Amino acid sequence: MKEKIIEKILLLIALSSILILALITFFIFEEGLPLIMKIGPKAFLLGEKWIPSKGLFGIFPMIASSFWVTFGALLFGIPLGLACTIFISELIPPSIGTLFRPAIQLLAAIPSVIYGFWGLIVLVPLIRNYFGGPGLSILAGSLVLGFMILPTIITISEDSLKALPPSYKAGALALGATHWQTIWRVLIPAARSGIVASIILGMGRAIGETMAMIMILGNAVKMPSSFLDSARTLTTNIGIEMGYASGDHRQALFATGIILFFIIMALNTLAIFLSRRRVH
Amino acid sequence: MSKAPNPKQNRFGYWELGFENYLGFGIWNLGFLFLLLFILFGLGCQRSKAGITVAGSTSVEPFAELLAEEYMIIHPKSHIYVQGGGSTAGIEAAITRTANIGMSSRNLSGEELKLYSVTVAKDAIAIIVHPTNRIGNLPLDQIREVFSGKIMNWKELGGPNKPIDIVTREEGSGTRESFQKFVMGKEDISLGALVQDSNGAVRQVIANDASAIGYISLGLVNDQVKAVSISGVEPSLANVNNGKYTLVRPFLFVFNGEPVGEAKSFLDFVLSSSAQKLLLKEGLVPVVQRLE
């Protein structure tokens with residue numbers, strides 16, 4: 001009987017989390033869809049001007065900025081993340097690895113506002129002084145996001161390296177391959193699906209980041225044309241304008257959320273799909 | 001419960017329940033969950049009845065907080081909750097009575113005019129630049145051209161050869177609306193302008209960027225930034241009072257119907273000379289002319 005009660009309680013908790021997800025989805029669509037229908041999906045998705053006070057709700061610059069910033073983050077994050085993964089899992093003794101691992105996981109525990117603050121105080125003035133422009137830029141955002149996605153990339157790709165049968169490494173070494181050849185030619189390709197999944201999850205993290213980006217991207221609603229331009233992503237558009245929005249403007253922010261919802265869903269589905277694929 | 005289906009033991013030795021059974025429990029439990037939430041919610045509402053809520057413009061918020069603190073010292077039994085959210089949200093909160101008092105840093109328009117509103121103070125908007133900027137005076141039409149993106153280099157204003165970084169507030173902000181009305185008129189603020197979501201954030205960006213220009217409440221100008229004169233008129237309390245400085249907006253308290261009880265008492269306090277003196281000290285322009 002006691003077991004049943006506990007079972008019920010657990011079921012309740014599990015169900016309520018699904019219910020909450022369903023409610024969030026429902027409300028985002030209920031609030032946002034009417035506006036997309038009102039101004040037309042094309043004008044909303046491909047419109048280049050966002051001037052809510054004049055009824056112009058084009059989010060194309062923000063979609064582009066979101067991908068631009070994310071791409072920049074991957075540019076920094078992937079090489080750094082992969083290097084860390086290889087270093088921790090292959091090149092240093094496991095005892096030292098246990099020191100590194102918590103340090104990297106700690107990166108994930110730092111609140112994003114701290115990353116944003118650090119970017120604003122340290123990176124932005126550097127960029128302004130050495131590259132010109134206002135400093136609040138895609139470059140600054142990409143660098144900060146690159147650091148923020150490191151834990152995701154490193155943890156998951158290290159797990160996928162660890163999950164490989166030991167015979168892969170032993171076999172490669174027995175055939176006379178050097179340690180580096182084994183890593184680069186055997187282990188990494190074999191763990192490819194897990195590594196790609198980690199990158200895609202990192203991408204999801206990057207696209208969804210809001211607080212740090214509000215602080216360092218500058219939030220201009222213009223189509224960015226270089227890494228030194230200020231930009232506004234989908235998330236920061238919602239974050240920065242939610243407080244004051246009402247009527248159509250508010251709905252347009254929910255509609256921005258719908259687009260974000262689809263992008264994140266697509267990325268997560270892709271990551272799940274890729275990580276399930278077996279290595280042959 | 002007597003008709004519950006016989007649970008079957010599965011191969012792991014755990015008791016398996018039918019799917020319908022799960023669903024049944026789920027729905028009952030959800031019912032309990034909602035009941036629980038309801039009770040909690042009810043308790044929460046009960047508690048907030050002990051005080052009044054003042055919500056709205058983030059420009060008014062810091063001053064309202066200050067006044068609320070003072071008020072609560074004089075009236076220890078009452079409690080005033082001050083929340084931000086923006087002018088529009090504040091007015092809406094007053095309409096729906098979510099808040100007893102809505103704070104607005106812009107004039108009411110359209111439907112909103114039916115509300116009972118009181119100007120509790122006035123605030124000037126200052127155009128600010130980096131303290132090292134040599135430019136100390138700008139004509140209004142040049143400011144407009146800078147913010148609309150027609151003038152893009154300080155050189156054109158007599159400064160160094162450096163691109164201008166425009167800093168503005170986000171759409172819907174009361175400060176932005178006032179700036180749009182007073183300075184821009186029908187022109188749009190450049191889409192390339194940096195957007196920050198508070199007076200403090202604008203000031204921070206301009207304090208760090210030697211080629212930036214922006215606008216914030218006069219009361220929040222400090223020595224990190226420099227407020228420029230507009231067409232030769234210096235942004236000062238004296239010039240605001242004598243009407244020479246025109247970038248002035250009202251800080252409104254908005255009520256749904258005549259204020260009563262605690263809300264009325266707080267309003268009276270805010271309009272008292274001691275409270276107005278406090279606002280003057282904080283850089284606002286008092287509405288009560290004679291302050292002893």
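Predicted model: local features only at pLDDT ≥ 70, side-chain atom pairs only at ≥ 80, totals over all residues.
## A walk through chains A and B

In chain B, Met103(B) faces Phe253(B), a residue of strand β13(B).

Strand β5 of chain B covers residues 101-104. β5(B) pairs with β13(B) in the antiparallel sense, over three bridges. β13(B) has another partner in strand β6 of chain B, residues 116-129. β6(B) and β13(B) also run antiparallel, and eight bridges join them. One contact point can be named: Ala124(B) has Val248(B) of β13(B) as its bridge partner.

Is β13(B) mostly covered or mostly open? The strand spans residues 248-255, and six of its eight residues are buried, so by the cut-off of 20 or more other C-beta atoms within 10 Å it is mostly covered.

Now turn to the nonpolar core. The largest one holds 127 residues. Some members touch the most others: Ile216(A), Val54(B), Ile101(B), Ala126(B), Ile127(B), Ile128(B) and Val167(B). In soluble globular proteins, nonpolar side chains tend to be buried together.

Take Ala126(B) from that group. Which residues does Ala126(B) contact, beyond its neighbours within four places in sequence? They are Tyr215(B), Ile216(B), Leu218(B), Val221(B), Ala227(B) and Pro235(B).

Next comes the meeting of the chains. Here 28 residues of chain B are in contact with 28 residues of chain A. On the chain B side, the elements that give two or more residues are α1 (19-48), β4 (79-85), α3 (87-95), β9 (194-196) and α6 (199-208). Which of them gives the most? It is α1(B), with six residues. By type, the chain B side divides into 11 nonpolar, 10 polar and seven charged residues.

Cross over to chain A and look at helix α3(A), residues 60-91. This helix has 32 residues. From first C-alpha to last, α3(A) reaches 44 Å, close to the 46 Å expected at 1.5 Å a residue. Where does α3(A) kink? The kink is at Gly77(A), shortly before the proline Pro79(A), and amounts to about 30°.

End at Trp184(A), which lies in helix α9 of chain A, residues 179-190. Why does Trp184(A) count as partly exposed? Because it has 13 C-beta neighbours inside 10 Å, and a residue is exposed at 12 or fewer and buried at 20 or more. Trp184(A) and Ile86(A) are 98 residues apart in sequence. In space, their C-alpha atoms are 9.4 Å apart.

Conventions: Residues numbered from 1 in each chain as written. Chains lettered and ligands numbered in written order. Core = buried A, V, L, I, M, F, W, Y, C linked by C-beta atoms within 7 Å. Contact = placed C-beta atoms within 7 Å. Helix = DSSP H or I, 4+ residues; strand = E, 2+ residues; numbered from the N terminus. Pairing = 2+ DSSP bridges. Nonpolar A, V, L, I, M, F, W, Y, C, P; charged D, E, K, R; others polar. Expected span 1.5 Å × (residues − 1). Bend = angle between axes of the 7 residues up to and from the residue.
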